[in-house]
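Please look over the sequence and the structure below before reading on. The briefing then takes the sheet, the helix contacts and a ligand shell in turn.

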Amino acid sequence: MLIDSFDRKIDYIRVSVTSRCNFRCLYCMPNTPFDWEPKENLLSYEEMFEFLKVAIDNGIKKIRLTGGEPLIRKDLDKFIKMIANYAPDIDLALTTNGYFLKNTAKLLKDAGLKRINISLDSLKKDTYEKIAKKDVFAKVIDGIEEAQKVGLKVKLNSVILKGINDNEILDLYEYSKNKNITIRFIEYMENNTADSHLKGVPSDEVLKILQKAHTFIKLERENSPAVYYKDENGYIFGLISPHDDSFCKNCNRIRLTAEGYLIPCLFFNESYQIREAVKKGDIKGAAKVLEQVIREKPEKNDWQNEVSDRAFYETGG
Ligand code: SAM
Ligand code: SF4
């Protein structure tokens, strides 16, 4: 079992399979060149898998594949199959912008994927284009529908930005409720690769807006950064509030970048490489780095006071 210095059980790893993306979201990488990550720097799926076996054997119970945009990397379904065959009970999930899902959802499900989080920031074509810097709305909606159709458990993620999509909070809520999909509103996390003019909307403001139309019961917090609320019809939605002190108390996760760096905390720049060990086939060496990362995991982020230097597209959010 992996327990950190603050007695938190770490049983979740988020694995970024590429930092590249076909969107240029304002809050993530609006000005990053499209081909900035050389393919030869990536760990192969086999190399990642060798490390994941160690992580699973040490108590990791949940793996989320992310990016960048994970569906940009070829053969993701084969990687999913490798993990699912090794650990059929693992909670295997994916976070995606949804753009390629229409044609891939079934393949992913058949490979062993269980759950999928899809980012949905707007229900308006033009607003989405402003946020993602690409005309993506119709494809994202098609992707959400397809993921539901093939039987994946779907959640939606929405980052609310002042003056951009903050007039859509209730619409996004009703859209998700009608589809019976849990939506989580994520506070914008300030970082140095995002558009410098952005302002987020705090979770308590999101809640106040929704409370004008609904009544909610706050649910007991589970091992998750999200706080969930149930409305008068039993529909559940979530708020993710990294600027709040309690966000980190239940943190149960570490991150692996596509280039083979383990990251103990989303906010900080610290990273520990398993790249060399994995490339040499030195699995014991990689296991030692894993122990170190757990030991060095900080108590909490510092979004209350600072802008993070860590790019979201490297860590997978
Ligand atoms: N490309 C995929 C996507 O957009 O879902 C996966 C990677 S993305 C980095 C993972 C999650 O991080 C998405 O839900 C995205 O909205 C969120 N995210 C990215 N930058 C963020 C920021 N600055 N603040 C809050 N959430 C952010
Ligand atoms: Fe791409 Fe996801 Fe970042 Fe948007 S948030 S630019 S979709 S990696």
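This is a predicted model: local features need pLDDT of at least 70, side-chain atom pairs count only at pLDDT 80 or more; totals for chains, interfaces and linings use all residues.

Residues are numbered from 1 along each chain as its sequence is written, chains are lettered from A and ligands numbered from 1 in the order in which they are written, and side-chain values use heavy atoms, with hydrogens and water left out. Helices (H or I, at least four residues) and strands (E, at least two) are DSSP runs, numbered from the N terminus.

**The sheet**

- An open sheet of mixed pairing is formed by 12 strands, in the order β7-β8-β9-β6-β5-β4-β3-β2-β1-β10-β11-β12, where two strands pair if DSSP finds at least two bridges between them.
- The edges are taken by β7 (216-218) and β12 (272-273), each of which has a single partner strand, so one side of each is left without a neighbour in the sheet.
- β7 pairs with strand β8 (residues 226-231) in the antiparallel sense over 3 bridges, and Phe216 stands opposite Asp231 in β8.
- Helix α2 (residues 76-86) lies across β2 (62-66) and β3 (91-96), and runs at about 175° to β2; axes are lines fitted to C-alpha atoms, for helices over the stretch in contact, and angles run from 0 to 180 degrees between N-to-C directions.

- α2 and helix α3 (residues 101-111) pack at an angle of about 20° with their axes 8 Å apart, which makes α2 roughly parallel to α3; angles under 35 degrees count as roughly parallel, over 145 as roughly antiparallel, 65 to 115 as roughly perpendicular and the rest as oblique.
- The contact (heavy atoms within 4.5 Å) is made by Leu76, Asp77, Ile80, Lys81 and Ala84 of α2 together with Leu107, Leu108 and Ala111 of α3.
- The residues of this contact of α2 with α3 divide into 6 nonpolar, no polar and 2 charged; Ala, Val, Leu, Ile, Met, Phe, Trp, Tyr, Cys and Pro count as nonpolar, Asp, Glu, Lys and Arg as charged, and the others, Gly among them, as polar.
- The axes of α3 and helix α5 (residues 137-149) come within 8 Å and cross at roughly 20°, and α3 and α5 are therefore roughly parallel to each other.
- Leu101, Lys102 and Ala105 of α3 make this contact with Asp142, Gly143, Glu146 and Ala147 of α5, and by class it has 3 nonpolar, 1 polar and 3 charged residues.

**Helices α6 and α7**

- Helix α6 (residues 169-178) and helix α7 (residues 203-211) have axes that come within 9 Å and cross at roughly 70°, and α6 and α7 are therefore roughly perpendicular to each other.
- Ile169, Leu170 and Tyr173 in α6 meet Val206, Ile209 and Leu210 in α7, a contact with 6 nonpolar, no polar and no charged residues.

**The shell around ligand 2**

- Ligand 2 is surrounded by Cys21, Phe23, Cys25, Tyr27, Cys28, Met29, Gly68 and Asn97, where a residue is near a molecule or strand if one of its heavy atoms lies within 4 Å of it.
- By class, this shell around ligand 2 has 6 nonpolar, 2 polar and no charged residues.
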